[in-house]
Amino acid sequence: MKIRTVLYLLLFISGIIVAQQNKNQSSKIEIKEAWIRVAAQGANTALFFEVVNNSDKPDTLLAAESELAEVVEVHETFKRENDMMGMRKVNFVVIPPRSTVKFKPRDLHVMLIKLKSDLKVGEKSEATLVFKNAGKLKAGAVVRDMQMMMNK
Amino acid sequence: MHKVLINCLLIFWLLTGCGNDFPVIEDLGSSNYQLTNQIEKEVQFPDFVKGKTVIAGYIFTNCPDICPLTTNNMRLIQERLKKENVKNVQFVSISFDPENDTPEVLKKFAEVRNLDLSNWTFLTGDKPVVDKLMKHVGVVAVPGDSTVFPSGKVTYYYIHTDRIQLIDGEGRIRKNYPGSSINVDEIIEDIKSL
């Protein structure tokens, strides 16, 4: 009886420790400056943001989720010779320790594919970013269509 | 001997655009492409804009990054020209993905961005016509990566030329710019001095 109680107690304590570790890890990853480019229902658009890793360990963005679109994927824009531009899916993005990775126009972005409704300038929305260590983090984003965001 | 040299220089001067900074890259003036605008009206391009300086952008609306940037840059150019009271300029956005970009899709693309369509036309058309036009203007668009929807439907994303063009009143392409990263000051000066 006593052994079982001790085991339950140990299990409970280890659960608290793991939860606390996850909490600490997630607070070390910050999502900043999130915005979505204006787009019409049925079209595709992109979510841009900055990921700040305040910890001494790398983390990895594995996926993104959103109710705004039928499919959500992490993509990157790439350049080829003769002013050719393209876009491709990426399976993960490593966020090195003590660094900021910018998801920005002409670069990395979360692609919102086939929007369920219009996204108009000024509207606010939300997406979830899934990290290997930090878990699921919400990103509140505002809809914009601003060239100046490109240079940030 | 001197006369021959002078004649050669004169011919070279005429062929390269009368000595200014805008040599003729391609002459669309003698061609006409039947396209459809965002309100489903058929137009002959470039005939319907002849006599005006044209800022042409090439897009597909499923593009989430480069083409919206190109469109936004065209809006910035339009706003600057309005502010500086530069007139007789027409904006044209032509889709190289006519199978998806119907007039209705183009209309929505413009509406959700609150674009001023008083001197801006969005164009689509039959695929063979659009393909021929793209070849003529030097814009390449080939299917690249794709997304498979839960329904099994597949959408392709184009690898394409990132382009805005300056076309003169006679339908001649005079300068190419990178559409998504164009220097707005540069094209404004070019429009004024064309």
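Modeller: Buried area is the accessible area that two parts lose on being put together, summed over both. The model discussed here is predicted.

Colleague: How much area is buried between chain A and chain B?

Modeller: The contact takes 39 residues from chain A and 29 residues from chain B. Carbon and sulfur atoms give 56% of the area buried between the two chains. The total for chain A and chain B is about 2,700 Å².

Colleague: Which strand gives the largest share of the side of chain A that touches chain B?

Modeller: Between the chains, 14 residue pairs are in polar contact. On the side of chain A that touches chain B, strands S2 (45-53), S4 (69-80), S5 (84-89) and S8 (108-115) of chain A each supply at least two residues. By class, that side has 17 nonpolar, 9 polar and 13 charged residues. The largest share, 7 residues, comes from S4(A).

Colleague: How many salt bridges does the rule find across the interface of chain A and chain B?

Modeller: Side chains of opposite charge can pair when their charged atoms come close. B:Arg75 forms a salt bridge with A:Asp145, with the closest N and O atoms 3.0 Å apart. Across the interface of chain A and chain B, the number found is 4.

Colleague: Why does the salt bridge of A:Asp83 and B:Arg163 join two chains, and where does B:Arg163 lie?

Modeller: The side chains of A:Asp83 and B:Arg163 meet at 3.2 Å, N to O. A:Asp83 lies in the loop between S4 and S5 of chain A, while its partner belongs to chain B, so the pair joins two chains. B:Arg163 lies in the loop between strand S8 (154-161) and strand S9 (164-167) of chain B.

Colleague: Is B:Arg163 buried or exposed?

Modeller: Buried means under 20% relative accessible area. A:Asp83, with 29%, is partly exposed. B:Arg163 has 10% relative accessibility, so this residue counts as buried.

Colleague: How many residues apart in sequence are the parts that A:Arg98 and A:Asp56 tie together?

Modeller: A:Arg98 and A:Asp56 form a salt bridge at 2.9 Å, N to O. A:Arg98 lies in the loop between strands S6 (93-95) and S7 (99-103) of chain A, and A:Asp56 in the loop between S2 and strand S3 (59-65) of that chain. A:Arg98 is exposed, and so is A:Asp56. The parts tied together are 42 residues apart in sequence.

Colleague: What share of the 194 residues in chain B is buried?

Modeller: Chain B has 5 helices and 10 strands. Among its contacts with a separation of 6 or more, 68% are between residues 24 or more positions apart. Buried residues make up 50%.

Colleague: Which residue's backbone oxygen does the side chain of B:Thr124 reach?

Modeller: B:Thr124 is found in strand S6 (residues 120-124) of chain B. With a relative accessible area of 4%, B:Thr124 is buried. Residues that B:Thr124 touches include B:Leu35, B:Pro98 and B:Val130. At 2.8 Å, its side chain reaches the backbone oxygen of B:Asp101.

Colleague: In which strand is the salt-bridge partner of B:Glu186, B:Lys175?

Modeller: The closest N and O atoms of B:Glu186 and B:Lys175 are 2.8 Å apart, in a salt bridge. B:Glu186 lies in helix H5 (residues 184-193) of chain B, and is partly exposed at 32% relative accessible area. B:Lys175 lies in strand S10 (residues 172-177) of chain B.

Terms used. Residues are numbered from 1 along each chain as its sequence is written. Chains are lettered from A and ligands numbered from 1 in the order in which they are written. This is a predicted model: local features need pLDDT of at least 70, side-chain atom pairs count only at pLDDT 80 or more; totals for chains, interfaces and linings use all residues. Side-chain values use heavy atoms; hydrogens and water are left out. Helices (H or I, at least four residues) and strands (E, at least two) are DSSP runs, numbered from the N terminus. Buried means under 20% relative accessible area, exposed over 50%, partly exposed in between (1.4 Å probe, protein chains only). Contact means heavy atoms within 4.5 Å. Buried area is the accessible area (1.4 Å probe) that two parts lose on being put together, summed over both. A polar contact is a pair of N or O atoms within 3.5 Å; within protein, one must be able to donate a hydrogen and the other to accept it, and residues adjacent in sequence count only if both atoms are side-chain atoms. Ala, Val, Leu, Ile, Met, Phe, Trp, Tyr, Cys and Pro count as nonpolar, Asp, Glu, Lys and Arg as charged, and the others, Gly among them, as polar. Lists of a residue's contacts leave out its neighbours within four places in sequence.
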